[in-house]
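Subject: Handing over the model, with notes

Dear colleague,

Here is the structure that I promised to pass on to you.

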Amino acid sequence: MSEFSLNDVGLKVGLEIHQQLATDKKLFCSCAPIESTEYPVKFQRKLRASKSELGEYDPAALFEKSKSNTITYYGNPQSSCLVEHDEEPPHDIDAHAREVTLIIASALHSNIFSEMYPMRKTVVDGSNTSGFQRTILVAQGGYYNAGERRIKIQSICLEEDAARILGDEGTTRKYSLDRLGIPLVEIATEPFEANPKEIKGIALSLGRLLRSTKKVRRGIGSIRQDVNISIRDSEIVVEVKGVQQLDQLEKVVEFEARRQYGLVQISAELNKINLERPENIDVTKDVHLWDSKIIKSAVEKKHNIILMIFKDMAGMFGKEYTTGIRLGRDVAELVRFFGLGGIFHSDELPVYGITQENIDNLKKTYNIKSDDAFLMLAVQPAISDIITEQIFLRIKDIQSNKIPRDTRLATQTGETKFLRPRPGAARMYPETDIAPITISKEELENASKKIPKSWDESVAELETKFKLNGQLAEQIFDSHYMELFEKIADNTTVSPVFVASTLCSSITSLARDGLDSSLLKYDEILRTFELLDEKKIAKESVGIIFEDIMAGRSKTAKEAVRNASIEAVSESDLEKIIKEIVEKNIDIINKQKERAIGPLMGIAMKELRGSAPGETVSKILTVEIKKRLEE
């Protein structure tokens, strides 16, 4: 196993930030950009790859097409129309989205084009009903500062967001149309050298600049980071998509750099042999009686067991070239893309109920020599040729190019997995339904005047206006809840410090306990603080309401108040409850005297379950304990 050092591989990184804009309409129609929960509209499509204007197929489109998925779309008239269905031409571009993009480009010191040409970007994974995404190159060049570093900008695009995936059922993939067409700004940086620990700060600085405009959406899914990664020993750039959290970035970059380093070592080994295309042999009749549950299950499903023999490659599928990086693992990732559970390779057998005798018989029957390696996979007959061809092309690609030109997906554990090949130049072609867009001098001047305050200035303004400490002001500004916080703090008498700390700490704490923060909608958070402002609940009830909604027991704040029985009690009723608690616990008062306030306070708050403020309970309890002691 080769030793990997992150400092010695010549790591280069480029960021692509995709940020939804806070507009009232979608980019090319008047539909509201809201998430739907009901879908009265449903239709199906099958998308296919088509040639570009130069007569070429995009490799990513061809690869996606090889899966032959059927796409089912779900829509709601509130959030989608015939434009999203691809049954009506796009309307005029949304003026607000256009203005916000120009402001962002001005803030990044970019060179804005006076004339812009909408383009179609081929996408056949089903996330666009039309088979393409509309995108507009707005500006090139520019920079922003991340601490003491200056990060250069490559390009800024305005485009429509993709449909939201709902899940897969066999060969059918399901999408919701509510997100399709939401205006999105894509900002790509120039490649830069950095260690993984620095990259989080660099991405955070760009995100803060966008949030300073107060014209971008916040919340889960409203901003996505893609990261392009390369190392010195290869000219290939690998794109990793779907980094939802900044905390993932460091792990993703480190893993991908190690994976690429390992592939370079694998490529060197492959170049020592004459790699030949293996024959695909159907060995179902030879293995169907083997005592392996996996093989028996595959045969019962009418799958074929295919054998691929690779000459002079013994040991190469199972060898770990650097920690966790093996050729067998890379091939297994590829076949999982087609819905297979994985592969068997000769370097790991016997295992999974396959015996040494089974292997010896197979080698004898098909003349597999000691220097040869083989793969076995269980696959549906209709796609066996497609998958085996892709396996060979993958290995050949590693031999020829060291690192395949992949688009990969970030996982929650900080690793990356194969998604599809990277697209080529044939992916883009002009949009024929939208005329070129001319940008006037007045628009540019207006955008320059609206460049927002810096992040530091915005945080300082929060501290002053709402009397927050520096740390809390930073937390609320960087959170998903900034605009909601300002709305609550400006329109209620609830302490801004309490609002900010609840939004930043309490919700996060409940989510860490395994509750679902996506169930807690902004309207219900606002309504909870309105109930507090109206004195219909106590401060202590806020966390209880959030917990009840995030646990799925209630959908609204009012429903949570009823379910948890936490409506505010009158002061006279509160006095009666506390007197009863004191009477029941007179022994504690006699033993602990004034110190009895601690245990009795815990009993009272547990019984009241947030229906009275803690300070009021403490005040009445102190008076009652003092009375008993005097008696």
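Does Lys 535 count as buried or exposed? Lys 535 counts as exposed, because its relative accessibility is 68%, and the cut-off for that class is over 50%. Please keep in mind throughout that this is a predicted model.

Lys 535 is also worth a look for its backbone. Its phi is positive, at about 60 degrees, although Lys 535 is not a glycine, and the residue is found in the loop between helix H15 (522–533) and helix H16 (539–550). Asp 312 likewise is a residue other than glycine with a positive phi, here near 60 degrees, and its place is in the loop between strand E16 (304–310) and helix H7 (327–336). With a relative accessible area of 45%, Asp 312 is partly exposed. As background, most residues other than glycine have a negative phi, and most peptide bonds are trans.

The chain as a whole

The secondary structure of the chain comes to 21 helices and 22 strands, and 51% of its 631 residues count as buried. The chain exposes about 30,400 Å², of which carbon and sulfur atoms supply 47%.

Strands and their pairing

Strands of a sheet pair through backbone hydrogen bonds, either parallel or antiparallel. In this chain there is an open sheet of 4 strands in the order E2-E3-E11-E10, and its pairing is mixed. Its edge strands are strand E2 (41–45) and strand E10 (164–169), each of which pairs on one side only. On average, and with direction ignored, neighbouring strands of this sheet are turned by 20 degrees against each other. Within it, E10 and strand E11 (residues 172–176) pair in the antiparallel sense over 5 bridges, and Asp 168 stands opposite Arg 173 in E11.

With strand E13 (residues 223–230), E14 pairs in the antiparallel sense over 4 bridges, whereas E14 and strand E19 (residues 406–410) pair in the parallel sense over 3 bridges. Val 240 takes part on both sides, for Val 240 in E14 is the bridge partner of Val 227, and Val 240 also stands opposite Arg 408 in E19.

Aromatic rings

How many aromatic pairs does the count come to? The count comes to 13 aromatic pairs, and among them is the edge-to-face pair of Phe 337 and Phe 418, at 5.7 Å centre to centre with 70 degrees between the planes. This pair links distant parts of the chain, since Phe 337 is in the loop between H7 and E17 and Phe 418 is in strand E20 (residues 416–421), 81 residues apart. Both Phe 337 and Phe 418 are buried.

Tyr 481 and Tyr 522 form a tilted pair, with 5.7 Å centre to centre and 50 degrees between the planes. Here too the pair links distant parts of the chain: Tyr 481 is in the loop between helix H12 (470–478) and helix H13 (482–491), while Tyr 522 is in helix H15, 41 residues apart. Tyr 481 is buried, with a relative accessible area of 11%, whereas Tyr 522, at 33% relative accessibility, counts as partly exposed.

Elsewhere, ring pairs link Phe 43, Tyr 73 and Tyr 175 into a cluster. Two arginines are also placed over ring faces: Arg 150 lies over the face of Tyr 143, at 3.7 Å from the ring centre, and Arg 208 lies over the face of Trp 455, at 3.6 Å from the ring centre.

Definitions and conventions: Residues are numbered from 1 along each chain as its sequence is written. This is a predicted model: local features need pLDDT of at least 70, side-chain atom pairs count only at pLDDT 80 or more; totals for chains, interfaces and linings use all residues. Side-chain values use heavy atoms; hydrogens and water are left out. Two strands pair if DSSP finds at least two bridges between them. Helices (H or I, at least four residues) and strands (E, at least two) are DSSP runs, numbered from the N terminus. Axes are lines fitted to C-alpha atoms, for helices over the stretch in contact, and angles run from 0 to 180 degrees between N-to-C directions. Buried means under 20% relative accessible area, exposed over 50%, partly exposed in between (1.4 Å probe, protein chains only). Rings of Phe, Tyr and Trp (its six-membered ring) pair if their centres lie within 6.5 Å; planes under 30 degrees apart count as stacked, over 60 as edge-to-face and the rest as tilted. A charge sits over a ring if NZ of Lys or CZ of Arg is within 6 Å of the ring centre and within 35 degrees of the ring normal. Accessible areas come from the Shrake-Rupley method with a 1.4 Å probe; for residues, only the protein chains shown count as cover.
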